[in-house]
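I opened the model to look up its charged pairs and its ligand site. My notes follow.

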Amino acid sequence: MKCFWRLGPKFAINLFPLAVAPLASKFPGMKYRALGRTGWRVSEISFGAWAIGGAWGKVNDQESLATLHAALDGGVNFFDTADVYGDGRSERLLAKLKKERKEKFYIATKAGRRLPQQTSDGYNRKNLTAFINRSLKNLNAETIDLLQLHCPPTEVYYQPEVFGILDDFATEGKLRHYGVSVERVEEALKAIEFPNVQSVQIIFNIFRQRPAELFFKEAERRKVGILARVPLASGLLSGRMSHASKFAKDDHRNFNRHGEAFDRGETFSGVDFATGLSVVEELKKLVPAGASLAQFALRWILEFPAVTCAIPGAKRPAQVRDNIAASELPGLSKDSLRGIERLYETRIKPLVHPYW
Ligand SMILES: NC(=O)c1ccc[n+]([C@@H]2O[C@H](COP(=O)([O-])OP(=O)(O)OC[C@H]3O[C@@H](n4cnc5c(N)ncnc54)[C@H](OP(=O)(O)O)[C@@H]3O)[C@@H](O)[C@H]2O)c1
């Protein structure tokens with residue numbers, strides 16, 4: 001496993017664009033990394049805005065907005081959302097945040113999941129135009145910073161015309177940059193053959209390590225940004241769950257454990273809950289004093305220089321503060337890294353490695 005042992009001084013904030021410089025200087029604890037060839041530098045701990053939209057049990061907009069403010073307060077300058085998160089609720093909350101704050105930040109949204117059925121021919125100009133126009137309205141924006149195809153069927157990566165349509169949207173000014181969100185490593189490898197794909201969003205965490213084998217090297221070679229999603233394995237890697245944990249009916253950790261509604265890999269990273277809990281108990285023994293397991297899990301992701309940022313979700317300001325602090329942690333010790341590798345190889349790999 002190729003690991004990045006220490007983030008050297010070259011990763012300190014230096015080429016930060018003027019527009020976002022105030023954030024950088026205000027938050028010395030947060031580090032920023034280049035996102036593909038966009039010229040943007042984004043917070044290595046960014047924010048995933050699925051849970052504040054829906055499918056994670058009850059949320060209230062006031063608390064969600066406070067959580068978004070806490071993220072900005074901590075130096076986060078990149079937010080990932082989608083048109084389908086709460087049917088636009090998540091995008092609208094981000095529009096509200098933009099209205100309430102002066103700082104410049106980036107919003108990445110996604111398109112494609114509004115299709116009633118996931119078929120590759122649905123990814124056409126008419127449908128994508130309608131989805132993007134709706135997102136622009138929700139975000140109260142004239143241009144989308146980063147538009148990602150939302151885990152489309154694999155065939156879409158064999159349809160150059162879809163990427164041609166995205167190029168046209170960029171020329172028209174509907175979007176600045178585009179990327180993809182994928183389920184599988186093979187889709188990621190295929191997607192980055194398209195020269196204007198700037199980012200790939202993929203599940204990457206202690207319980208999902210295959211992207212680091214080949215894909216990271218290829219993405220680095222092509223200067224494509226990597227957004228590590230589900231970094232806490234749906235909260236499992238926070239260490240706060242137990243066999244007694246209960247999840248609401250409308251929480252995917254209740255209704256999608258076996259892939260009943262969407263890819264089962266999106267829930268607990270595809271690891272069954274009981275095994276996940278038992279490995280988490282072993283991981284807790286590796287966490288350095290003073291750090292939380294969530295920070296340890298996020299810090300592990302940041303050891304990989306190919307990763308642009310992790311995008312943990314959060315529903316409460318305290319969670320976001322906990323997560324942000326991972327950027328300040330020193331690099332993990334060799335013993336911790338070896339311990340993680342051993343647990344992955346022996347307990348997790350057979351459950352996930354062959355599938356995604
Ligand atoms: N297909 C796609 O493109 C796709 C799919 C999945 C995710 N994503 C993106 O990736 C982002 C991140 O993934 P995710 O939200 O699915 O999973 P995640 O980041 O692994 O887990 C997020 C959840 O963990 C819990 N949590 C977060 N920080 C915590 C802390 N410090 N201590 C304790 N618990 C904590 C919260 O839930 P509770 O408090 O309820 O436990 C939170 O909602 C999403 O928000 C979304 O933007 C994209």
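Which side chain meets Asp 73 in a salt bridge? I found Arg 101, with 2.8 Å from N to O. I count a salt bridge when a side-chain nitrogen of Lys or Arg lies within 4 Å of a carboxyl oxygen of Asp or Glu. Asp 73 belongs to helix 2 (residues 61-73) and Arg 101 to the loop between helix 3 (89-100) and strand 5 (106-111), so the pair ties together parts 28 residues apart in sequence. Helices (H or I, at least four residues) and strands (E, at least two) are DSSP runs, numbered from the N terminus. I noted 23 salt bridges in the structure.

The model is predicted; local features need pLDDT of at least 70, side-chain atom pairs count only at pLDDT 80 or more, and totals for chains, interfaces and linings use all residues. Residues are numbered from 1 along each chain as its sequence is written, and side-chain values use heavy atoms, without hydrogens and water.

Next I turned to the ligand. I listed 32 residues around the ligand (a heavy atom within 4 Å). Asp 80, Ser 181, Leu 232, Arg 253 and Gln 319 come nearest. Helix 11 (residues 317-324) gives the largest share of this shell, three residues.

I then checked polar contacts (N or O pairs within 3.5 Å). A polar side-chain atom of Arg 316 is 3.1 Å from a ligand oxygen, and a backbone N or O atom of Gly 48 is 3.2 Å from a ligand oxygen. An N or O atom in the Asn 323 side chain lies 2.9 Å from a ligand nitrogen. The ligand alone exposes 900 Å² (Shrake-Rupley method, 1.4 Å probe), and the protein buries 94% of that.

Terms used: Polar contact = N/O pair within 3.5 Å; in protein donor to acceptor, adjacent residues only side chain to side chain.
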